[in-house]
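Take a moment with the sequence and the model before reading on. The paragraphs below go from the sheet to its residues.

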Amino acid sequence: MKILPNSYAIIIGGFILGAFLYFGLSVNRYSHVEGNKILDNKTGTLYDLDKKQYLKKNGDLYQYE
């Protein structure tokens with residue numbers, strides 16, 4: 001009967017490790033579009049570095065300094 005708790009621990013540990021890998025990996029999060037524009041693949045935000053502004057996925061345009 002000692003094998004049963006160990007197997008549960010391995011399964012739960014696998015789920016926890018999988019969640020950390022799924023939410024933690026952001027290797028390909030940003031991609032270069034053209035010129036000085038960068039696209040955030042996770043949120044869908046387009047950053048324009050020349051004009052210092054960014055365009056959100058819903059169409060809202062924001063200015064930053």
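Two strands count as a pair here if DSSP finds at least two bridges between them. The strands themselves are DSSP runs of E, at least two residues long, numbered from the N terminus. The model is predicted.

Start with the sheet. Five strands make up an open sheet, in the order β1-β2-β3-β4-β5. Their pairing is antiparallel. Which strands stand at the edges? They are β1 (30-32) and β5 (61-63). Each has a single partner strand, so one side of each is left without a neighbour in the sheet. From one strand to the next, the twist averages 25°.

Now walk across the sheet. Strand β2 covers residues 37-40. Three bridges tie β1 to β2, and the two run antiparallel. One place to look is S31, whose bridge partner in β2 is L39.

The next step leads from β2 to β3. Four bridges join these two strands, again antiparallel. Here D40 has T45 as its bridge partner in β3. The hairpin of β2 and β3 has four residues between the strands. In that hairpin, G44 takes a positive phi near 80°.

Then comes the step from β3 (45-48) to β4 (53-55). Three bridges join β3 to β4, which run antiparallel. In this pairing, Y47 stands opposite Y54 in β4. The hairpin of β3 and β4 also has four residues between the strands. This time K52 takes the positive phi, near 55°.

Return to D40 for a closer look. D40 lies in strand β2. Is D40 buried or exposed? Its relative accessibility is 2%, so D40 counts as buried, since buried means under 20%. A polar contact of 2.9 Å joins the side chain of D40 to that of T43. Beyond residues up to four places away in sequence, D40 touches R29, Y30, T45 and Y47.

T45, the bridge partner of D40, lies in strand β3. T45 has 6% relative accessibility and therefore counts as buried too. The side chains of T45 and T43 are joined by a polar contact of 3.0 Å. Setting aside neighbours within four places in sequence, T45 is in contact with I38, L39, D40, Y54, L55 and K56.

K52 gives another view. K52 sits in the loop between β3 and β4. At 42% relative accessibility, K52 counts as partly exposed. Which residues does K52 touch, not counting those up to four places away in sequence? They are Y62, Q63, Y64 and E65. Look at Y64 in particular. K52 and Y64 are twelve residues apart along the chain. Their C-alpha atoms are separated by 5.6 Å.

The aromatic rings come last. Rings pair here if their centres lie within 6.5 Å, and the count comes to three aromatic pairs. One of them is formed by Y47 and Y54. The centres of these two rings are 5.6 Å apart, with 40° between the planes, and the pair is tilted. Y47 is partly exposed, with a relative accessible area of 25%. Y54 is partly exposed as well, at 22%.

Y54 also pairs with Y64. Their ring centres are 6.2 Å apart and their planes stand at 40°, so this pair is tilted. Which parts of the chain does the pair link? Y54 lies in strand β4, and Y64 lies in the segment after β5. The two residues are ten apart, and the pair links distant parts of the chain. Y64, at 29% relative accessibility, counts as partly exposed.

Y47, Y54, Y62 and Y64 form one aromatic cluster. Another member, Y47, is touched by D40. Y54 is in contact with T45.

Note on methods: Residues numbered from 1 in each chain as written. Predicted model: local features only at pLDDT ≥ 70, side-chain atom pairs only at ≥ 80, totals over all residues. Heavy atoms only, no water. Axes fitted to C-alpha atoms, helices over the stretch in contact; angles between N-to-C directions. Buried < 20%, exposed > 50% of the residue type's maximum accessible area, 1.4 Å probe, protein only. Polar contact = N/O pair within 3.5 Å; in protein donor to acceptor, adjacent residues only side chain to side chain. Contact = heavy atoms within 4.5 Å. Phe/Tyr/Trp six-rings, centres within 6.5 Å; stacked < 30°, edge-to-face > 60°.
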